[in-house]
Amino acid sequence: MKILVCICQVPDTTTKVAFGDNNTHFSTQGVTFIINPYDEWYALVRALELKEAGVATAIHLVTVGKADAEPVIRKALALGGDEAIRIDCESSDTYLVASQIAEYAKTIGYDLVLCGKESIDYNNGSVGAMVAELLDMNYLGFAAKIDVAGSTATVKREIEGGEETDTCSLPLVISCQKGVAEARIPNMRGIMAARTKPLKVIPAAAIEALSAIVSYELPPAKSGVKMVSADNMDELVNLLHSEAKVI
């Protein structure tokens, strides 16, 4: 069984967000990029566990981005991926990203495609479902547990008020969340091996984006805390109504 893990590059969570060119693009100056945690800690690590259990024979990693994304995918190789593919394209359009991944995946024929439930930069969480549609595969989202036996996957998902367990035949696309696996860190052997593992760069397919970012803006600065005396309920109700606008 061959597994494809989708990897995306995101700013480190400690990044101070800034915009340039009249707020039309995210400024990368001084920004440290990391693997999207949902892709790394859950999708990739669960794929590694399936390989260690003898279920999977190969784990390939794919990312859509320019050359500056290569250090991030090298780290994913250090964790244990067998081969990496960088599709030479840069876009914030979810459809374009999913389409590029699907066009590549069609040429190989993967049994299982894993991705994080969302990226921590844009949080739109739709790449997995789009990839499944474009590949004409079944899709299960927000998996908290994944088991594979033969050609069937059993997936436990969190739902409102509880959990549900689904079974589905392969090939299959699954988006992963907390609970699927325990995070790992690369060891020295993995880091050294990653230097010689193949990282293929392939040209982007001729696909047009469906959306573009017009501008960014920061949320308004938080106002100071107002203290209201416990015996002044009228003032509290007035503030909740006129300023907080919650009643």
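Thr-94, Tyr-95, Val-97, Ala-98, Ser-99, Ile-101, Ala-102, Ala-105 and Lys-106 of helix H3 meet Val-127, Met-130, Val-131, Leu-134 and Leu-135 of helix H4. Contact here means heavy atoms within 4.5 Å. Helices (H or I, at least four residues) and strands (E, at least two) are DSSP runs, numbered from the N terminus.

This is a predicted model, in which local features need pLDDT of at least 70 and side-chain atom pairs count only at pLDDT 80 or more, while totals for chains, interfaces and linings use all residues. Residues are numbered from 1 along each chain as its sequence is written, and side-chain values use heavy atoms, with hydrogens and water left out.

**Helix packing**

- The axes of H3 and H4 come within 9 Å and cross at roughly 45 degrees. Axes are lines fitted to C-alpha atoms, for helices over the stretch in contact, and angles run from 0 to 180 degrees between N-to-C directions.
- H3 is therefore oblique to H4. Angles under 35 degrees count as roughly parallel, over 145 as roughly antiparallel, 65 to 115 as roughly perpendicular, and the rest as oblique.
- H3 (residues 94-108) lies across S1, S6, S7 (83-88) and S13, and runs at about 145 degrees to S6.
- H4 (residues 127-135) lies across S8 (112-116), S9 (138-149) and S12 (172-176), at about 80 degrees to S9.

**The sheet**

- Nine strands form an open sheet with mixed pairing, in the order S11-S10-S9-S12-S8-S1-S6-S7-S13. Two strands pair if DSSP finds at least two bridges between them.
- S11 (162-169) and S13 (199-203) stand at the edges. Each has a single partner strand, so one side of each is left without a neighbour in the sheet.
- On average, neighbouring strands of this sheet are turned by 35 degrees against each other, direction ignored.
- S1 (residues 2-6) and S6 (residues 58-65) run parallel, joined by five bridges. Val-5 has Leu-61 in S6 as its bridge partner.

**Helix H2**

- In H2 (residues 70-79), the residues Val-72, Ile-73, Ala-76, Leu-77, Ala-78 and Leu-79 are buried. Buried means under 20% relative accessible area, exposed over 50%, and partly exposed in between (1.4 Å probe, protein chains only).
- Gly-80 follows H2 and has a positive phi, near 145 degrees.

**Backbone exceptions**

- Most residues other than glycine have a negative phi, and most peptide bonds are trans.
- The peptide bond from Leu-170 to Pro-171 is cis, with omega near 0 degrees. Pro-171 sits in the loop between S11 and S12.
- Asn-123 has a positive phi, near 60 degrees. Its place is the loop between S8 and H4. Asn-123 is partly exposed, at 40% relative accessible area.
- Phe-142 also has a positive phi, near 60 degrees. Phe-142 lies in strand S9. Its relative accessible area is 36%, so Phe-142 is partly exposed.

**Cysteines**

- The disulfide count is zero. A disulfide is a pair of cysteine sulfur atoms within 2.5 Å.
- For Cys-8, the closest cysteine sulfur is in Cys-6, 9.2 Å away, which is too far for a bond. Cys-8 is partly exposed, at 24% relative accessibility.
- For Cys-176, the closest cysteine sulfur is in Cys-115, 6.7 Å away, again too far for a bond. Cys-176 is buried, with a relative accessible area of 0%.
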